[in-house]
Amino acid sequence: MTEPAAQAETEAVLASIEATEAPSVDPAPSDKVASEAPAPAPASSTEEAPAPALPKPGVPKPGKAPKPSNLPRPAAPAGQRKTPSAAPASPMPAPSFTTPVEDAAKFAKVSDDGHVILIDGAEEHPVGQFPDGTKDEALAYFSRKYDEVVSQVMLLEQRVATGAPAGEIQKTLGHLRQTIGERGMVGDMPALRARVEALQTRLDDLKLAEKLALEKAQAEQLATREAIVAEAEELAAKDPQQVQWKQASARMAELFENWKAAQKAGPRLGKSVEDGLWKRFRTARTTHDKHRRAFFSQLDATNSKAKSAKEKLIARAEALSTSTDWGPTAGAYRDLMDEWKAAPRASRKEDDALWARFRAAQDVFFNARKATNDEIDKEYGENLKVKEQILAEGQQLLPVKDVKAARKTLNDLRGRWEDAGRVPRKDVTRMESAFRKLEEGLKSAEDEHWRKTNPETKARTNSALTQLEDKVAELEDDLAKAQSKGDAKAIAKAQEALDARKMWLETLQKSAQGLR
């Protein structure tokens with residue numbers, strides 16, 4: 001196989017399947033001892049069986065097998081063959097190679113006493129002796145050793161093509177190199193060495209591919225682990241007061257499961273890297289758990305303090321619940337409510353239960369007050385009817401025409417209003433406002449009457465009338481003088497002053513008529 005073809009073969013097939021078993025070997029003869037070169041090192045973990053038995057006299061020799069080429073043909077280029085499936089239905093059969101005796105004779109010399117000489121290119125190398133046998137039997141014996149090596153090389157080629165672990169293949173190939181170097185076999189050794197070198201090239205490519213795949217997998221594994229650690233550290237760094245602990249604890253447990261799954265499924269990282277990441281992750285988990293325990297410990301203390309404070313408020317509320325001092329007690333409950341709002345909150349469940357008790361104590365008091373007020377309002381219903389009749393009578397006084405008579409009537413209505421007693425609470429504001437309007441209407445009428453009848457006001461008005469009348473008469477004289485002289489400018493000035501005084505006089509006369 002040429003090196004380019006082997007290279008193409010390696011690049012095309014990297015899928016991994018199970019390694020097939022090593023080929024079987026012929027049994028060694030039990031009654032003949034072969035003298036040969038030192039035994040080759042085993043090519044695989046399977047120990048080599050004894051040399052095959054020589055055929056006994058009278059036993060016919062097997063016929064010649066069809067003549068194959070000295071070495072199997074190289075695999076087709078990557079573009080001309082099918083890529084083996086990642087999971088074949090059954091293990092691939094172990095390859096087996098056989099060299100016909102006539103082909104083996106091209107690479108060996110056999111003496112009459114059974115000594116076999118390997119022809120290795122231009123060199124000759126003694127292989128061993130096969131006494132008490134024919135030349136063909138000696139060739140067949142040492143040729144089978146060559147065939148075994150070729151079969152194992154074919155097996156390794158098959159394993160490389162299917163992407164078996166390169167380390168295992170390299171170890172086996174090392175044993176085969178040692179066996180080939182000892183040359184204790186008969187066959188086309190140059191071709192075998194070339195084939196082994198081509199296999200080594202493909203194996204080097206496989207090792208490189210495995211290395212790159214491992215580096216990629218390790219990089220992905222490192223990224224996965226670092227992401228897990230980073231998220232764990234982020235959770236651990238949060239303010240414990242801002243953490244939703246149920247979700248955060250569940251997520252931290254999930255991160256731990258992710259860590260174990262990644263550690264189990266992915267490739268191993270370097271010890272220093274692995275230990276460093278685990279130390280960070282462990283520290284984050286420990287910090288998170290420490291914060292959680294401290295938070296809930298503090299929360300328990302806070303809840304206990306809040307519960308104690310609110311239970312004291314409840315005791316005070318329950319003590320007031322039977323009071324019939326309605327006004328002051330209602331104010332006390334308002335103060336208690338302010339204290340309740342200012343008190344710290346306990347846990348939601350406990351706080352709801354405490355509030356229910358506090359509210360129940362208030363309800364006892366306010367329900368009793370409402371029942372009492374309802375009964376009182378029922379009694380005050382008749383008083384309301386009386387006061388509504390009083391208001392109807394008072395409305396007839398408006399607008400006020402006779403101030404003195406209206407005042408007398410309204411004073412009588414006020415007496416009757418007071419004698420009627422209290423009305424239901426919901427009607428108090430409405431009734432008092434309506435009666436106040438009656439009083440305001442009367443007061444407005446009284447103020448207007450006083451303004452008109454005030455002697456001082458009348459005197460001042462009469463004096464002003466007299467002065468204006470005198471001034472108008474004076475201005476009329478001035479106008480007549482100007483007109484007699486024909487002085488247009490003096491006429492205009494006198495006329496303007498006279499018109500203004502007459503307007504004032506007219507207004508004051510109307511006001512004086514209202515005072516009469």
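Reader: Which residue follows H3, and what is said of its phi?
Author: Helix H3 is followed by Gly163, and the phi of Gly163 is positive, near 80 degrees. Helices (H or I, at least four residues) and strands (E, at least two) are DSSP runs, numbered from the N terminus.

Reader: Before we go on, what kind of model is this?
Author: This is a predicted model, in which local features need pLDDT of at least 70 and side-chain atom pairs count only at pLDDT 80 or more, while totals for chains, interfaces and linings use all residues. Residues are numbered from 1 along each chain as its sequence is written, and side-chain values use heavy atoms, with hydrogens and water left out.

Reader: Back to H3: how many of its residues are buried?
Author: Of the 27 residues of H3, 24 are buried, and the helix is mostly covered. Buried stands for under 20% relative accessible area, exposed for over 50%, and partly exposed for what lies in between (1.4 Å probe, protein chains only).

Reader: What span should H3 have?
Author: At 1.5 Å a residue, its 27 residues should span 39 Å, and this agrees with the 38 Å between its end C-alpha atoms. The expected span is 1.5 Å times one less than the number of residues.

Reader: What about the protein as a whole, how many helices and strands are there?
Author: The protein has 13 helices and 4 strands, and 34% of its 516 residues count as buried.

Reader: Where is the largest nonpolar core built from, which elements supply it?
Author: The largest nonpolar core has 34 residues, and Val116, Val186 and Leu192 are those with the most contacts inside it. At least two residues of this core come from each of strand S2 (108-110), strand S3 (115-120), helix H3 (135-161), helix H4 (166-182) and helix H5 (189-237). H3 gives the largest share, 11 residues. Another core, of 16 residues, lies apart from it, with Val229, Leu255, Trp259 and Phe295 among them. A nonpolar core is a set of buried Ala, Val, Leu, Ile, Met, Phe, Trp, Tyr and Cys residues joined through side-chain atoms within 4.5 Å.

Reader: Changing topic to H10, which of its residues are buried?
Author: In H10, the buried residues are Val403, Ala406, Leu410, Leu413, Trp417 and Ala420. Seen down the helix axis, the buried residues of H10 fall within an arc of 95 degrees, so they line one face of the helix; the arc is that of the directions from the axis to the C-beta atoms.

Reader: And which exposed residues does the face turned away carry?
Author: The face of H10 turned away from the buried side carries Lys404, Lys408, Glu418 and Asp419, which are exposed.

Reader: What happens at the start of H10, and what comes just after H10?
Author: At the start, a side-chain oxygen of Asp402 comes within 3.3 Å of the backbone nitrogen of Lys404. Just after H10, Gly421 takes a positive phi of about 90 degrees.

Reader: One more: is Asp351 buried or exposed?
Author: Asp351, which is found in helix H9 (residues 348-395), is buried, with a relative accessible area of 4%. Not counting residues up to four places away in sequence, Asp351 touches Lys310, Arg345 and Ala346, where contact means heavy atoms within 4.5 Å.

Reader: What is the relative accessible area of Glu469?
Author: Glu469 lies in helix H12 (residues 455-485) and is partly exposed, with a relative accessible area of 42%. Leaving aside neighbours within four places in sequence, Glu469 is in contact with Leu505 and Gln509.

Key. A polar contact is a pair of N or O atoms within 3.5 Å; within protein, one must be able to donate a hydrogen and the other to accept it, and residues adjacent in sequence count only if both atoms are side-chain atoms.
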